[in-house]
Amino acid sequence: MAWARKHLLDIQSLSAEEILTVLDTARAFKAVGERAIKKVPALRGKTVVNLFVEPSTRTRISFELAAQRLTADVINFSAEASSLKKGETLKDTARNLEALNADIIVMRHSASGAPHFLARFLDASMINAGDGAHEHPTQALLDAFTIREKKGKIEGLNVTILGDILYSRVARSNIWAMTKLGARVTLCGPSTLLPRMFEQMGCRVTYNVDEAIADADIINLLRIQHERQRKTMFPSIGEYTGLFGLTQARLARTKPEALIMHPGPINRGVEIDSDIADSKRSLIIDQVTNGLAVRMAVLFLVTGGQGPQGVAA
Ligand code: CP
């Protein structure tokens, strides 16, 4: 079993073996979720705090349900209704949560590195649920889980990530995860949102969408991260869709077995044609379902859980 970490802060620092341990553990938890009684006592007596200082639907709700399925006590911290609004620092807020015996803090924050900063002085386990444009490790893990489930492997696959790469924490975490697991990664998007420096992460970079998707086994679409862009990065949404959106005409030029992914939230008619999002080739809803099992696995492992063999049979 290759996991001895107290925190999950990023994918960059994980080994392929550690990633595979999370995926194997998640597979065991997915099987638990298919039983009549979906709860296990793995985190009984532990307290999980969801500290989301940025909006979220999928990540926040699936961490909450994951903690409940593991029989933990769960506190959902609302930044808007908290003393952060009165000038309390993030560090003081986290210390107060720890004073209430939080064992795990799951944090989303707009500042890159915020969870790494808190992990330096907290006794609680810290799980990064997305930090600025830096990383979103559980998204990459659930994406890897979904690809392995649908394709039977990751090694040797062609994975294309298409969209706003520059501002995407999902892109960075996916690049690390996919390359560590042996996939060939192609990145595509407007040149203003895809600097050549991404080649240094072991990816092919192209600005030609047809070239990017022609040999892809997986096409992972990203939305435009307007909330992180400080200036206009392309002339209009219409032009973006025309040049980079996944339309039916473009999909027809891909391999028939190529599957479509998106971390959500999707912007229908912008980066993805609405019918493609709802089609049989779309894994978007499977990704959300698998997020629950992956987050159960992460909560379990950071508190000393013993990999897939430690999940109650
Ligand atoms: N994919 C993802 O992180 O979605 P949320 O922002 O809704 O959590």
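Guide: A pocket here is an open set of points on a 1 Å grid over the protein atoms alone, where a 1.4 Å probe fits and protein lies on both sides within 12 Å along at least five of seven lines. The model is predicted, so local features need pLDDT of at least 70 and side-chain atom pairs pLDDT 80 or more, whereas totals for chains, interfaces and linings use all residues. Residues are numbered from 1 along each chain as its sequence is written, and side-chain values use heavy atoms, with hydrogens and water left out.

Visitor: How do you know how much space lies in the largest pocket?

Guide: Grid points are joined across faces, edges and corners, and the volume is the space filled by probe spheres set on them; for the largest pocket this comes to about 350 Å³. Its lining, meaning residues with an atom within 4 Å of a point, numbers 22 residues, of which Arg108, Arg169, Arg223, Gly264 and Pro265 are the closest to the centre. Helices α2 (58-69) and α6 (169-180) each supply at least two lining residues, a helix being a DSSP run of H or I with at least four residues, and a strand a run of E with at least two, numbered from the N terminus.

Visitor: What makes a residue of that lining nonpolar, polar or charged?

Guide: Asp, Glu, Lys and Arg count as charged, Ala, Val, Leu, Ile, Met, Phe, Trp, Tyr, Cys and Pro as nonpolar, and the others, Gly among them, as polar. On that basis the lining has five nonpolar, nine polar and eight charged residues.

Visitor: Why is threonine 241 called buried?

Guide: Buried means under 20% relative accessible area, exposed over 50%, and partly exposed in between, with a 1.4 Å probe and protein chains only. Threonine 241 has 17%, and is therefore buried. This residue sits in helix α8 (residues 237-244).

Visitor: What makes both faces of strand β8 covered?

Guide: In β8 (residues 218-221), Ile218 and Asn220 on one side and Ile219 and Leu221 on the other are all buried.
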